[in-house]
Amino acid sequence: VQLQASGGGLVQAGGSLRLSCAASGLTFSWNAVGWFRQAPGKEREFVAAVSGSGRTTYYADSVKGRFTTSRDNAKNTVYLRMNSLKYEDTAVYYCAADATIGRTPHDYYYWGQGTLVTVSS
């Protein structure tokens, strides 16, 4: 199983980015995908998650209304659209997959490498 996160970069505060998580080696539509982030010196924290069907989504309070996660099962890809970015959104963002949707890192077995998002103030 491989998960490949991409789309990170440098953006000014107030700007937008779209992250992608491409999966292979698993029945993608059977797996929920979670997004997590880790800033320097901080623990990994939950950002958003989407169920295998795409019908259920969860968001952290800190990103609700600004971030949207969605998926295209035909492309084995999940997206995280990030709008109105803030300096405090700066972190390495990870995607993870497992059979059921959850809000903690322990809920996910498969992990991708991270992609760095840097928001300049």
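The model is predicted: local features need pLDDT of at least 70, side-chain atom pairs count only at pLDDT 80 or more, and totals for chains, interfaces and linings use all residues. Residues are numbered from 1 along each chain as its sequence is written, and side-chain values use heavy atoms, with hydrogens and water left out.

**Aromatic rings**

Two rings of Phe, Tyr or Trp (its six-membered ring) pair if their centres lie within 6.5 Å; planes under 30 degrees apart are stacked, over 60 edge-to-face, and the rest tilted. The whole structure has five such pairs. Two of them share F36.

| Pair | Centre distance | Plane angle | Type |
|---|---|---|---|
| F36 and F46 | 5.7 Å | 70° | edge-to-face |
| F36 and Y108 | 5.5 Å | 75° | edge-to-face |

Where do F36 and F46 lie? F36 is in strand β4 (residues 32-38) and F46 is in strand β5 (residues 45-50), so their pair ties together parts 10 residues apart in sequence. Strands (E, at least two residues) are DSSP runs, numbered from the N terminus. Y108 sits in the loop between β9 (91-98) and β10 (110-111). Its pair with F36 links distant parts of the chain, 72 residues apart.

F36 and F46 are both buried, and Y108 is buried as well. Buried means under 20% relative accessible area, exposed over 50%, and partly exposed in between (1.4 Å probe, protein chains only). One aromatic cluster is formed by F36, F46, Y94, Y108 and W111.

**Charges over rings**

A charge sits over a ring if NZ of Lys or CZ of Arg is within 6 Å of the ring centre and within 35 degrees of the ring normal. R44 lies over the face of Y94, 3.8 Å from the ring centre. R71 lies over the face of F28, at 4.3 Å.

**The disulfide**

The structure holds one disulfide (a pair of cysteine sulfur atoms within 2.5 Å). C21 and C95 form it, with their sulfur atoms 2.2 Å apart. The torsion about the S-S bond is about 75°, so the disulfide is right-handed. C21 lies in strand β3 (residues 17-24) and C95 in strand β9, 74 residues apart. Both C21 and C95 are buried.

**D89**

Is D89 buried or exposed? D89 has 0% relative accessibility, so D89 counts as buried. D89 lies in the loop between β8 (77-82) and β9. Contact means heavy atoms within 4.5 Å. Not counting residues up to four places away in sequence, D89 touches R37, R66, F67, S84, V117 and V119.

Conventions
Helix = DSSP H or I, 4+ residues; strand = E, 2+ residues; numbered from the N terminus.
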